[in-house]
Amino acid sequence: MQENILQLKNISKSFDGEMVLEELSLDIKRNEFVTLLGPSGCGKTTTLRIIGGFATPDSGQVIMEGKDITLLPTEQRCVNTVFQKYALFPHMSIEENIAFGLRIKKKDEAYIKEKVRYALELVNLMGFEKRKPHSLSGGQQQRIAIARAIVNEPKILLLDEPLGALDLKLRQDMQKELIRLKKELGITFIYVTHDQEEALTMSDKIVVMNQGYIQQIGSPEDIYNEPQNAFVADFIGDANLLAATMLKDELVSINDTRFTCVDKGFGTNKPVDVVIRPEDVEIMERGKGIFPAIVSSILFKGVHYEIIANGIGIQWMIHTTVYYEIGSKIDLYIKPFNIQIMHKPESEDEAVNHEE
Amino acid sequence: MVKLKDFFCKFYVAIIMLFLYAPIMVLIVSSFNSSKSRVLWGGFTLEWYQQMLNSSIVIGALRNTVVLAVGSAFFATIIGLLASIGIDAMRKKEFSIVMSITNIPMLNADIVTGIAMMLLIFRFMPLGFSSIMLAHITFNIPYVILNILPRFNQMDISTYEAARDLGAGPVTSFFKVVLPDIIPGIVAGFFMAMTMSMDDFVITYFTKGAGVNTLSTMIYGQIKKGIQPTMYALSTMIFAVTILLLITINLITLPKKSGKNKPR
Ligand SMILES: Nc1ncnc2c1ncn2[C@@H]1O[C@H](COP(=O)(O)OP(=O)(O)OP(=O)(O)O)[C@@H](O)[C@H]1O
Ligand SMILES: [Mg+2]
């Protein structure tokens, strides 16, 4: 089976008395593409800096391949970083930038030359050797930053919002590029972003963070389809987030209307949170659904329409490909397995979720 | 209307220029005047320059001035660079405290600094050449910091981190990545320190021992005996060197435009 290449154990970190990470634990497997996802200021960069060795945790351990590297200086870790602002060396040519790590390690020039050529080929920038970083576009600089990191053959590549500064089209191209690179190189990627779409497209595993806590770890499908709490549901994709009561196993009441669902084990008459994705709310003819509703607005969104409909005292967000007039009288229907039940936060710490 | 405004603008600038540079122009012209009179033009001559360069007093003072300028600038640059590294790493609050403290010597009246240094240095060593050197190094440090620190602030710390990330130790990273970024500040600081040292009179006057002279203190001494045209020649030369140094500093600190659009 796949082994853990990196483990974070109970990492805590505070700046000037303010807790940024609290008791964070995370296992990362070899060859995984792991994404740290969360809103601005939730501690993603800090986590990455602790893995890279740019910051030391107040407590807890960083274990790489079984060895404790918490206090090992950056330059001795088999980890390389692609920085958010590229951090290319402005006074060096592209070739010197990429060769920097290899020259430090005193590799011979023939090897270096071959490696630089290979790296430039990998990022599709052949012939740029003699150029200076400032003569390249943002996207090109970004790719050089990636090339500079991977020639060192790190065991783990850390990427801190590497596509943050690029426009949408270039971003999507680079996402594909990164996935291809990851496959070709066969190394572990730890990727930081606050863009949920990016995380869903690229990752094997997503770690959703908020205010220094891990909210959920799982595959993109898990995170999207079965969010464990309201924060995750709200942060990932669009969602109808509703307060409800679990009457008994497989039966939930939303605003006094009963829905069958598939979740069990929440107890009887327990308050819960419910998430229903807009594409899972189905529109039917009057009399055929679970409850009646009236269309109050419709917006064209390209691939689909976004409809807001009022029913049982709730504004429902619905994604559909069929057009409905405003004021249309419809019924809504939701399949039992599309109703996702979540525990309400119990402790103070968990309540953090709802502040956003 | 516009023309009138334009005229006054130009007139104003001309007046300023006149007040600023007329005395120096008079000095320069006088240094080439073969008549000893301060008001009559007796024809062009280089005699005063010749006399000046043949005078052992002048040459001795010149040597002292140059050694002091280069030496104090050198040591002040090293100390100032190290100080800048330290100050840059400080937090915001400490940073502003330390910066105001380092700025005090620059704003302080020279005479206060001079007397204070004399009192302090005299306790540990006889006043002489070394005491001037110490004093010059001391008052030069803030000027060096003033030139280097902004470079650190502008610099993106992530390039240093990137170098560490790629396997370079702290020292190698500093020399390979940080230094090239701040070298213009270092050179500018060095030249500014040299200028300051060459220009200084008051502090030198208080910290020098008997018989040791820099150009400025020597000129002061000579003037007491009655002013000689050789002093005009000497002052003109000092002015020329100062201007040269200032131009150099400006050229270094000016943002470089070339290279960016070089065709390939
Ligand atoms: N060196 C530092 N000194 C003081 N506070 C810091 C420092 N670095 C980070 N912080 C604080 O720690 C918190 C988390 O920062 P971090 O950079 O990890 O967030 P992030 O998740 O990367 O956010 P973003 O998406 O905006 O980059 C923030 O509140 C930030 O102000
Ligand atoms: Mg960040």
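**View 1. Leu62(B) within helix α3 of chain B.** In this predicted model, Leu62(B) is found in helix α3 (residues 56–88) of chain B, helices (H or I, at least four residues) and strands (E, at least two) being DSSP runs numbered from the N terminus. Leu62(B) counts as partly exposed because its relative accessibility is 29%, where buried means under 20% relative accessible area, exposed over 50% and partly exposed in between (1.4 Å probe, protein chains only). A distance of 9.4 Å separates the C-alpha atoms of Leu62(B) and Ser216(B), which stand 154 residues apart along the chain.

**View 2. The salt bridge of Glu153(A) with Lys115(A).** The closest N and O atoms of Glu153(A) and Lys115(A) are 2.6 Å apart; a salt bridge is a side-chain nitrogen of Lys or Arg within 4 Å of a carboxyl oxygen of Asp or Glu. Lys115(A) counts as buried, at 11% relative accessibility.

**View 3. The salt bridge between Lys344(A) and Asp273(A).** The side chains of Lys344(A) and Asp273(A) meet at 2.9 Å, N to O. Because Lys344(A) lies in the loop between β20 (340–343) and α9 (348–351) of chain A and Asp273(A) in strand β14 (residues 270–276) of chain A, the pair ties together parts that are 71 residues apart in sequence. Lys344(A) is partly exposed, with a relative accessible area of 31%, whereas Asp273(A) counts as buried at 6%.

**Notes.** Residues are numbered from 1 along each chain as its sequence is written, and chains are lettered from A and ligands numbered from 1 in the order in which they are written. Local features need pLDDT of at least 70 and side-chain atom pairs count only at pLDDT 80 or more, while totals for chains, interfaces and linings use all residues; side-chain values use heavy atoms, with hydrogens and water left out.
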